[in-house]
Amino acid sequence: MLNRWFTDPLQLGLAQAVAASTVALAVVLLARGRKIHIEKDSVIALIRGLVQIVAVGSVLVLFLKASRWTGALLLAAMILVAGFVSRKRAKGLPGALQVSTLSIACGAGSVIAMMVALGVIDTAITTLLPVGSMLIANAMNTNGLALNRFRSDVLAHAGEIETALALGADPRQSVAPYVQAAFEASLIPAIDSLRSLGIVWIPGLMAGMLLSGSRPLYAAIYQFVVLAMIFAASGLTSLVSTLLIRTQAFTPAEQLSLRAE
Amino acid sequence: MRGRLLVDDISVEIRPGEVLAILGPSGSGKSSLLRLLNRLDEPTSGTVYLDDVDYRAIPPRELRRKVGMVTQRAVLFPGTVYHNVGFGPAQRGEEFSESKVADLLARVGLSGYSGRDVANLSGGEAQRISLARALANAPLVLLLDEPTSALDQEAKEGVESLINEIIRTERLTCVIVTHDIAQAKRMASRILVLQNGRAAKIGSVEEALNA
């Protein structure tokens, strides 16, 4: 219906945004009817989301013809921000910012570089940035999950860890079961995404490609490619971060320093 | 824990083969002092000498092998008794044979327990395994943190007499934290009484308890 009234793509987009927001606001009103007040948060989130994504879209327009090095620079900036965001999941563990940033850089950065070199990710900034950011965002989530799980396991098993230390164990050995659990738990979302791909969900990128007129089969295969890359980036990130963080729970004299407050 | 002194101004010499009991009310710093002795915690000032060597000069793992510890509640690792008893030697890559484990188990009164899953042990049995596990490292010093206070009366007597017998036959230097004056009298040759993290009294059993 809307596409009959609006022929200009920008106008059509705005009209579609208004329509979708109206439905969202209707839900807010329904909640209000049940005395659940989410008006303020929801309206702010909707406006913020629209402004952010339009801003990114505009920036993308500016960079449409930018060199691949500009793209690499933007991805590097994203990695720094991602490290900063997920460091909070390792409260009480020193060096969490460095560990997070380094892990995401190793995990997402190296997979992006490898895939660009192989021609799996196109160097055109319109592909490099969205696909790269997906890998970075997923690496960030995985890193956050791994650090969070490691931290809570160490806090919950301080008795076992100190018993092992008291028996002359290497600190890395004393936390080995929790490093493994953190690694496995952090990869659950990436594995479940791959498992349910196409059946439970048709992800955004594929939907976008279909909307923009790509051949459905290619869009489908590329979606698998993206998820496989996400799995690789996440797994590598988690491997590095659990490897680096395990010694951060200890002092140089091999004492457990992460304690419940 | 930060910013508060848990133990302060304690100077004590423990002679080889001696059993020193640390007595004091809850929160007086008994366990905190014990944790400084195998360097599970770092003293903010002062140090500990082991055979005249400042223990900060000894690699922590080597120090903790020499200074074994048994805690109030036995923390056993999931798996078999064999896995637990051989844990210390395995950390150094040493082969700990079935017969060595069997010998240790016999010494703690649990012959034939090697293949059992630790999940099925009673409190007293678990504490005996914990003792055997500490002994597997052939320590010079044994730290005991209220080793019988979590056990029922029957198990308590058994474990106490077992510890007594082992430290006498092995001539182990031993520091035992307890809040039980009678136990301190039965086991120790000297007593250190702590109050608010400081040494209130130290001396022979008679001196410390009667003065």
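Two strands are taken to pair if DSSP finds at least two bridges between them. Helices (H or I, at least four residues) and strands (E, at least two) are DSSP runs, numbered from the N terminus. The model shown is predicted: local features need pLDDT of at least 70, side-chain atom pairs count only at pLDDT 80 or more, and totals for chains, interfaces and linings use all residues. Residues are numbered from 1 along each chain as its sequence is written, while chains are lettered from A and ligands numbered from 1 in the order in which they are written.

**View 1. Parallel strands β4, β5 and β6 of chain B**. Strand β4 (residues 67–70) of chain B runs parallel to β5(B), to which four bridges join it. In this pairing, B:Val67 stands opposite B:Val141 of β5(B). Strand β5(B) is also joined by five bridges to strand β6 (residues 173–177) of chain B, again in parallel. Here B:Leu142 lies opposite B:Cys174 of β6(B).

**View 2. A positive phi at B:Ala138**. B:Ala138 lies in the loop between α6 (123–135) and β5 (141–145) of chain B. Its phi is near 50°, a positive value in a residue other than glycine. Most residues other than glycine have a negative phi.

**View 3. A positive phi at A:Lys35**. The loop between α2 (9–33) and α3 (39–62) of chain A holds A:Lys35. Although A:Lys35 is not a glycine, its phi is positive, at about 60°. A:Lys35 counts as exposed because it has 6 C-beta neighbours inside 10 Å.

**View 4. Packing of helices α4 and α6 in chain A**. Helix α4 (residues 68–86) and helix α6 (residues 125–156) of chain A pack at an angle of about 20°, with their axes 9 Å apart. The two helices are therefore roughly parallel (angles under 35 degrees). Residues of α4(A) that meet α6(A) include A:Leu74, A:Met78 and A:Ala82, and those on the α6(A) side include A:Leu129, A:Ile136 and A:Met140 (contact: C-beta atoms, placed from the backbone, within 7 Å). The residues of this contact divide into 13 nonpolar, six polar and one charged (nonpolar: Ala, Val, Leu, Ile, Met, Phe, Trp, Tyr, Cys and Pro; charged: Asp, Glu, Lys and Arg; polar: the others, Gly among them).

**View 5. The contact of chain B with chain A**. The contact takes 18 residues from chain B and 15 residues from chain A. On the chain B side, α2(B) gives the most, with four residues.

Conventions: Buried ≥ 20, exposed ≤ 12 C-beta atoms within 10 Å, placed from the backbone. Axes fitted to C-alpha atoms, helices over the stretch in contact; angles between N-to-C directions. Parallel < 35°, antiparallel > 145°, perpendicular 65-115°, else oblique. Contact = placed C-beta atoms within 7 Å.
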